[in-house]
Amino acid sequence: LRVTLTPIHRREHGISGTIAVLQDITEQERLEQSRREFVANVSHELRTPLTTIKSYAEALDEGAMEERELGQRFVGVIRNETERMIRLVTDLLHLSRLDSNQAPLRRQQTNVPEMLEEVADRFSFQMRKKAIRANVRVEDGIKTVWLDRDQIDQVLDNLVSNAIKYTLDGGRIEISARKQETSAIAISVKDTGIGIPKRDLGRIFDRFYRVDKARSRSMGGTGLGLSIAREIVKAHGGSISLDSELNEGTTVTVVLPLMSGGETA
Ligand code: ADP
């Protein structure tokens, strides 16, 4: 419900009354509004790198190309911005396929301990560069789960890559799995990073929502990682949640139901 109050002014008497307008904002209007916001966000996210590319190309054109070192730096910027745009468009296409259910799940029996070790291995180089130590901890008895390996890998990649991006050098990351009472498993990615202020937690899974836009951009982020993760987990019938303490660290937990045939053995 939206309430708008308009004071009625009379020249001689000052305020003489108030008009109250009560508007019911329907679900449809809310959807329409979030669609408009999304389009505005996409346009903005694409225009920013395009503007940078344009101005660096102009600078090259106007003489920077003659100075070898400067020229190389500018070309580097153009390449980085282009790569970020490609990532953004790839993420957007992925989201749109998830939105329209065009990404059917290809579930397979997946060995969970192996899957978690492999995600840690994929990021071992990046972690070593920041002297971040990682460990994988899997509760006894967890073996296989029936899930779409490619899609859950993408979820885990997004979470681990965030954990690295938002953790200072020398930090720690723990990737763990444990059984839930309700025939489900919980996979967590926990870091000792910068954390997220309480006031941002409610919107953290929204598309393009970032605590610090400049920081996320400089790390190559698109602001879509967590929203993609949430869609994929939802498609699996699971849920995702995030817990964080500013300057202490963040834990993201994915709960996946054990499908028939997906018993932990
Ligand atoms: P981005 O591409 O910006 O990382 P995400 O959707 O993956 O986009 O995350 C949204 C925002 O949530 C990030 O910009 C960052 O502010 C915050 N965030 C996500 N993961 C973490 C984390 N592990 N620690 C601190 N902040 C995080």
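Predicted model: local features only at pLDDT ≥ 70, side-chain atom pairs only at ≥ 80, totals over all residues.

Biologist: Is the crossing of α5 and α8 left-handed or right-handed?

Modeller: The crossing of α5 and α8 is left-handed. Residues are numbered from 1 along each chain as its sequence is written, and side-chain values use heavy atoms, with hydrogens and water left out.

Biologist: What counts as a helix here, and at what angle do α5 and α8 pack?

Modeller: Helices are DSSP runs of H or I with at least four residues, strands are runs of E with at least two, and both are numbered from the N terminus. α5 and α8 pack at about 150 degrees, and their axes are 9 Å apart. Those axes are lines fitted to C-alpha atoms over the stretch in contact, with angles running from 0 to 180 degrees between N-to-C directions. Under 35 degrees is roughly parallel, over 145 roughly antiparallel, 65 to 115 roughly perpendicular and the rest oblique.

Biologist: Which residues of α5 and α8 meet?

Modeller: Q151, I152, Q154, V155, N158, L159 and N162 of α5 meet G225, L226, I228, A229, I232 and V233 of α8, contact meaning heavy atoms within 4.5 Å. This contact has eight nonpolar, five polar and no charged residues. Ala, Val, Leu, Ile, Met, Phe, Trp, Tyr, Cys and Pro count as nonpolar, Asp, Glu, Lys and Arg as charged, and the others, Gly among them, as polar.

Biologist: Why is α2 called roughly parallel to α8?

Modeller: The axes of α2 and α8 cross at roughly 25 degrees and come within 10 Å. That angle makes α2 roughly parallel to α8. Their crossing is left-handed, and D91, H94, L95, L98 and D99 of α2 touch S227, I228, E231 and I232 of α8.

Biologist: And what makes α3 oblique to α5?

Modeller: Helix α3, residues 112-122, packs against α5 at about 50 degrees, with the axes 10 Å apart. That angle makes α3 oblique to α5. α3 passes α5 in a right-handed crossing. By class, their contact has six nonpolar, no polar and five charged residues.

Biologist: What makes something a pocket, and what volume does the largest pocket have?

Modeller: On a 1 Å grid over the protein atoms alone, a pocket is an open set of points with protein on both sides within 12 Å along at least five of seven lines, whereas in a cavity a 1.4 Å probe fits but cannot get out; lining residues have an atom within 4 Å of a point. The largest pocket has a volume of about 1,100 Å³. Its lining has 46 residues, with S161, N162, K165, Y166 and G221 closest to the centre. α5 gives the largest share of that lining, nine residues.

Biologist: How many residues line the second largest pocket?

Modeller: The second largest pocket is lined by 13 residues, with S34, E37, N41, D206 and R207 nearest its centre. Its lining divides into four nonpolar, two polar and seven charged residues. The largest share, four residues, comes from α1.

Note on methods:
Points joined across faces, edges and corners; volume = space filled by probe spheres on them. Left-handed = near helix turned anticlockwise from the far one by under 90°.
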